[in-house]
Amino acid sequence: MALTVLVTRPAPQAAAWVDKLRDKGLQAQALPLIAIEPMAETTPLREAWHLLPQRDLAMFVSPNAVTSFFAARPAARTWPRGLRAAATGPGTVEALVAAGVPEALCVAPRAAPFDSSALWSELQNEDWSSRNALIVRGDGGRDEFAQALRGAGAKIAFVQAYQRRAPAWSDEERAL
């Protein structure tokens, strides 16, 4: 019996991982353990877009945060010139660039581990006094990055870009 790798990431990322694993000759199948859904109320996202030019940094916790935030972009809005976009890893940077953020404005850890602590190590030597940062995330989440920025003197705002739900599995997925 062949071993099957189950990829439990949310559907959009799971599909990409499954393809990569299959390209390496592994048997892989997506079985997302959470579903990512857009926010029913997008007013806070549109307001966050309008305030972006006043920010010194916009941090995205995941590719899902990027996708959901840019899906709510008001017409004719573009990424503010010079605004850096922070990411915890290469998948989020890839999503930012695909959404139109210049790669030169993306800041992320250069090597594993790809997490908020490693991201903070890339930014911690800057003067954050009275600077403004936006953190784009799902419902809830860890606050270590925000706490580090606050501890360095930054003003932090959060916007919820998506919500997590239990997945609606097909009969085939349940059997798996």
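**View 1. Aromatic pairs across the structure.** A search of the whole structure finds 9 aromatic pairs. Rings of Phe, Tyr and Trp (its six-membered ring) are paired if their centres lie within 6.5 Å; planes under 30 degrees apart are called stacked, those over 60 edge-to-face, and the rest tilted. Please keep in mind that this is a predicted model, in which local features need pLDDT of at least 70 and side-chain atom pairs count only at pLDDT 80 or more, while totals for chains, interfaces and linings use all residues. Residues are numbered from 1 along each chain as its sequence is written, and side-chain values use heavy atoms, with hydrogens and water left out.

**View 2. Trp49 meets Trp79.** The ring centres of Trp49 and Trp79 are 6.2 Å apart and the planes stand at 90°, so this pair is edge-to-face. Distant parts of the chain are linked here, 30 residues apart: Trp49 belongs to helix H2 (residues 43-51), and Trp79 to the loop between helix H3 (63-71) and strand S5 (84-87). Helices (H or I, at least four residues) and strands (E, at least two) are DSSP runs, numbered from the N terminus. Are these two residues buried or exposed? Trp49 counts as buried because its relative accessibility is 1%, and Trp79 is also buried, at 9%. Buried means under 20% relative accessible area, exposed over 50%, and partly exposed in between (1.4 Å probe, protein chains only).

View 3. Phe60 and Trp79 make a tilted aromatic pair, with 6.1 Å centre to centre and 45° between the planes. Phe60 is buried, at 0% relative accessibility. One aromatic cluster is formed by Trp49, Phe60, Phe69, Phe70 and Trp79.

**View 4. Strand S4 in its sheet.** Five strands make an open sheet with parallel pairing, in the order S6-S5-S4-S7-S8. Strands S6 (106-107) and S8 (155-160) are the edges, each pairing on one side only. Strand S4 (residues 57-60) runs parallel to strand S7 (residues 132-137) over 4 bridges; two strands pair if DSSP finds at least two bridges between them. Phe60 has Val136 as its bridge partner in S7.

**View 5. Charges over rings.** Arg137 lies over the face of Phe158, 4.0 Å from the ring centre. Likewise, the charged end of Lys20 sits over the ring of Trp17, at 5.3 Å from its centre. The criterion is NZ of Lys or CZ of Arg within 6 Å of the ring centre and within 35 degrees of the ring normal.
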